[in-house]
Amino acid sequence: MLMHMAEFGAILVAAIVGAGVIIALLQSKKVHVNQPESTFDARDEAGTVFLFCGDNLIDSTGDAWAMVNHGTNNLSDLDTMVTRLSKAFPDLKDKLADLTAPEFRIASRSDPTVFLEAKRSSDRLRVTLNSAESHADACATHQLSQDARNAHEDLMHDITVHSPQLVWHEDRDGGLLWANNAYASLRRQLDMTVPFDHAGIGPTTGAHRVAVKQPHDAKDRWFDITTVEHAGGLLHFATDTTESVRAESAKKEFIGTLGRTFAELSIGLAIFDKHRLLTLFNPAFLDMTNLPFDFLSNSPAIDTVLDRLRELRMMPEPKDYVSWREQFTALESGAKDGTYSKNWTLADGQTYRVTGRPYPDGAFALLFEDISAEVSLTRRFRLDIETGQAVLDTLSDAIAVFSSAGTLVMSNRAYAALWSHRPEHVLEHRILSSEMKTWQDHCIPSPIWNDMRDFIQQLGARQPWADSALLDDGRHLDCYANPIAGGMTMVRFAISLPKRPEIRKLMLPDPAIQAMKR
């Protein structure tokens, strides 16, 4: 029996000694959760101590760690400490910014017995908060920490209460527990006890867009609401997005109006954004290019669209692929600066006028206009002119047509031969005064030229005019002037033979006179 009692006593003593050792070890070193391995012994430190590596707190005493650990998440550990102590030590931030001072000491503005010491070594910074009176050290440190927490809580409260964003707290049944000023102001404006329908917001967290009916306005007010769980209830944050929603609605209506307008255009329209992707096209573009709707609705790039047009033979075919790619580049760059405008003559005889129009944001539009009828009419008109010119050239009489302003419109080869004009001068711009001088230089002086000039320049209704003159070589020249459409005048010169044989003989060219002229 005594043996068993002795063994039990030994075990009890060993247990007590082991527990004492463990307690002593735990008290010898204060280890904080989520802190790195300690770099100094807290037993040798007096007051509140912070040890930073850069902006990160790597070791501290317990009260120092509590002060930083309750800081703002978006601030670094060093900034959090400065914010906490800025009321008692307003110069702390500037002192820490001065890297030329390896250590400094400053006193508290509110309590001169409390001071702060900072020592810098390489990338390490040690900040010690202490008091000249040892018994007041803990109280001073606690008071500073509590003041910092109270200031932070007051700041958060003021931000929440005075925030323009609506903030309110509800229980799970929709009962209002707390609300800020913006929420209360909205409730007064709408004259509603509960501006937001709890069923519309929903009992779950997340983002919602809610419409609120206004009592004196047919248009709704829109709010984006974000809900999070808090204290067994739901915390809501609402932002007024009425202007944004109305702007989006107006934009959609405007785009719809543009779409309906573009749909009525006979000109094909394709708009590409700054990334060269097709963003808008009208039905005329579909009809003119024969491109599938599914292909265009997928917003293809401009080079893809042009490649597909090439496959469908809806673009002029170049000689080789290199020049084809160069044409792509020229079209894109020309459309962006507004200089691209070309006629595309297709294999089936159609002709499109393609024009590029730039926009300030880097986008550009391509306009496709079917000018096949215009080109055909121009060709037909040109053919008619060429045909009329060819008919005039077959006549033996010299013919010239003058406009009402006295400009030579057209003439034939016989006219050029009679008045010694070179064939290449037929299309030159010539006027009546210069032509009449040529006529007078080749003829014997006669008063008929003044009469002819007056007739050509006469306005209103006219009767055909005729007279005769002699060329400088003695030939008889019959001159006719007939009014034609548009106030124009056709002048015709015909060389006639004399009726009497002796006069005809006298009219023959004299070789001696011709030799003297040479």
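## Basis of the report

A residue is called buried when its relative accessible area is under 20%, exposed when that area is over 50%, and partly exposed in between, using a 1.4 Å probe and protein chains only. The structure is a predicted model, in which local features need pLDDT of at least 70 and side-chain atom pairs count only at pLDDT 80 or more, while totals for chains, interfaces and linings use all residues. Residues are numbered from 1 along each chain as its sequence is written, and side-chain values use heavy atoms, with hydrogens and water left out.

Helices (H or I, at least four residues) and strands (E, at least two) are DSSP runs, numbered from the N terminus.

## Helix α6

Helix α6 covers residues 181–190, and its residues Ala-182, Tyr-183, Leu-186 and Leu-190 are buried. These residues lie on the same side of α6, because they cover an arc of only 100 degrees around the axis. The arc is that of the directions from the helix axis to the C-beta atoms. After α6 comes Asp-191, which has a positive phi, near 55 degrees.

## Aromatic pairs

Rings of Phe, Tyr and Trp (for Trp, its six-membered ring) form a pair if their centres lie within 6.5 Å; the pair is stacked if the planes are under 30 degrees apart, edge-to-face if over 60, and tilted for the rest. The structure holds twelve such pairs. One of them is the stacked pair of Phe-50 and Phe-52, with 6.1 Å from centre to centre and 10 degrees between the planes. Both Phe-50 and Phe-52 are buried.

The pair of Phe-281 and Phe-293 is edge-to-face, because the planes stand at 65 degrees, with the ring centres 6.0 Å apart. Phe-281 belongs to strand β12 (residues 278–281) and Phe-293 to helix α10 (residues 293–297), so this pair ties together parts that are twelve residues apart in sequence. Elsewhere, one aromatic cluster is formed by Phe-402, Tyr-415, Trp-419, Trp-439, Trp-449 and Phe-493.

## Charges over rings

A charge sits over a ring if NZ of Lys or CZ of Arg is within 6 Å of the ring centre and within 35 degrees of the ring normal. Arg-105 lies over the face of Phe-115, at 3.5 Å from the ring centre. Arg-308 is placed over the face of Phe-295, at 4.2 Å from the ring centre.

## Salt bridges

Side chains of opposite charge can pair when their charged atoms come close. A salt bridge is a side-chain nitrogen of Lys or Arg within 4 Å of a carboxyl oxygen of Asp or Glu, and the whole structure contains 13 salt bridges. Arg-308 also takes part in one of these, with Glu-311, where the closest N and O atoms are 3.7 Å apart. Both residues lie in helix α11 (residues 302–311), three residues apart, which is about one turn of the helix. Glu-311 is exposed, at 60% relative accessibility, whereas Arg-308 is partly exposed, at 27%.

Arg-353 and Glu-374 meet in a salt bridge of 3.5 Å, N to O. Arg-353 lies in strand β14 (residues 351–358) and Glu-374 in helix α13 (residues 372–394), so the pair ties together parts that are 21 residues apart in sequence. Arg-413 and Asp-393 form a salt bridge of 3.7 Å, N to O. This pair links helix α14 (residues 413–418), which holds Arg-413, to helix α13, which holds Asp-393, 20 residues apart. Arg-413 is exposed, at 62% relative accessibility, while Asp-393 is partly exposed, with a relative accessible area of 22%. Salt bridges that share partners also join Arg-353, Glu-369 and Glu-374 into one network.
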